[in-house]
Amino acid sequence: MEISRSDEARPAADPWPGYFADRGHPQARRIGAGVEGVVYGLGAGRVAKVWTGRPPSELTRQVYADIAAHRLPFATPEILDVQEHRGAVVTYERELPGVPMRGDSAHEEYERDLPARHKDTLLAVLRGLASVPGTDAMRRLTVQGDDRPLWQGHDRFQDALAALVTRAAARHGAALAARVPDFDAGVERTLNALRSLPDAPVTAIHGDLVPPNIHIDPAGRPVAVLDFGFHTTAGDPAFEAAVTAAVCDMYGPHAQEHTAELTELFARELGYAPAALTTYQAAYALTTYDLFGLDDRDGHFRWCAGQLRRNPVFGPA
């Protein structure tokens, strides 16, 4: 859930500021909203999230604690308390510092040449998260759209991800097959590629490092990473790098060039095999394509179909 997006024009009947005022937070104000709910600033370094989507579980709270236990160069979420009011889950969390690295590419057109400071920020965040060992709590998480913990029944991330691809393709694969040639064979090529990847370190995976989810200070340094949960798990840090390269600019006029540039940069600077990165990019498209819509009217569905049509692992040799 984004807490950085300005959203000052709240409905006059919003009851939550009064609710928080009654609980000792008289300055409570709505500061943002995302697909999972609404965020209120409480002051004194605290925020409250009123969840309308899938609320965080005790497992999520443990994952946050596992990540926060490491001395990262940037802050990550920490849930301080959980309450329920009239059927809504409310979490109290520490307020994260900084401002978004930049707006989402759906709303802000990115220039052709990505600023060096933004590439340095992405590398710093990827290196930081890759230093956090994967934990049992992370392995027990269920990614968005699925019905079971990602690692259930598996000892390797690559095999767990292959099983997720199989389940996701079975959900609504026909909708994607109508827009992606040779779909069934492409899924099989992706599965074979995933299972053939070598073992890798298992680290914390955020899974949605779009620019609004990375906060920076006035000097451009990353000071916070937020909005864990969409595809958060434990896994190969190369998966994190692959997805970040693909989602940094999803909708801009130079999106394809930016994905190619960042994929090459992360392979070179972080030592990941290019074939592993493109394999993971195909897997990400195959496991998230149906989360918001099932035709070209939905931007994410349209983006996933385009990714697969261009992906050298998914496509015919």
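**Figure 1. Leu286 and the residues around it.** Leu286 is located in helix α9, which spans residues 274-288, where helices (H or I, at least four residues) and strands (E, at least two) are DSSP runs numbered from the N terminus. The model is a predicted one, in which local features need pLDDT of at least 70 and side-chain atom pairs count only at pLDDT 80 or more, while totals for chains, interfaces and linings use all residues. Residues are numbered from 1 along each chain as its sequence is written, and side-chain values use heavy atoms, with hydrogens and water left out. With a relative accessibility of 0%, Leu286 counts as buried; buried means under 20% relative accessible area, exposed over 50%, and partly exposed in between, for a 1.4 Å probe and protein chains only. When residues up to four places away in sequence are not counted, Leu286 touches Val165, Ala168, Ala169, Leu176, Phe183, Val187, Thr190, Leu308 and Phe314, a contact being heavy atoms within 4.5 Å. Phe74, by comparison, is 212 residues from Leu286 in sequence and 31 Å from Leu286 in space, C-alpha to C-alpha.

Figure 2. Arg156 pairs with Asp159, the closest N and O atoms lying 3.2 Å apart, and Asp159 is partly exposed at a relative accessible area of 26%. Arg156 also meets the side chain of Asp199 in a salt bridge, with an N to O distance of 2.7 Å. Because Asp199 lies in the loop between α6 (183-196) and β7 (203-205), and Arg156 in the loop between α4 (136-139) and α5 (157-177), this pair ties together parts that are 43 residues apart in sequence. Asp199 itself counts as exposed, at 60% relative accessibility. Elsewhere, salt bridges that share partners join Arg102, Glu108 and Glu111 into one network.

**Figure 3. The salt bridge between Asp136 and Arg140.** The side chains of Asp136 and Arg140 form a salt bridge at 3.5 Å, N to O. Asp136 is exposed, with a relative accessible area of 51%, whereas Arg140 counts as partly exposed at 46% relative accessibility.

Figure 4. Most residues other than glycine have a negative phi. Arg86, a residue other than glycine, has a positive phi near 50°; Arg86 lies in the loop between β4 (79-85) and β5 (88-94) and is exposed, with a relative accessible area of 82%. Asp182 likewise is not a glycine and has a positive phi of about 55°. Asp182 is placed in the loop between α5 and α6 and is partly exposed, its relative accessible area being 44%.

**Figure 5. The chain that surrounds these close-up sites.** The chain holds 10 helices and 10 strands, and buried residues make up 56% of its 317 residues. Its C-alpha atoms fill a box of roughly 65 × 40 × 40 Å, taken along the principal axes. Of the contacts in the chain with a separation of 6 or more, 69% are accounted for by residues 24 or more positions apart.

Key. Salt bridge = Lys/Arg side-chain N within 4 Å of Asp/Glu carboxyl O.
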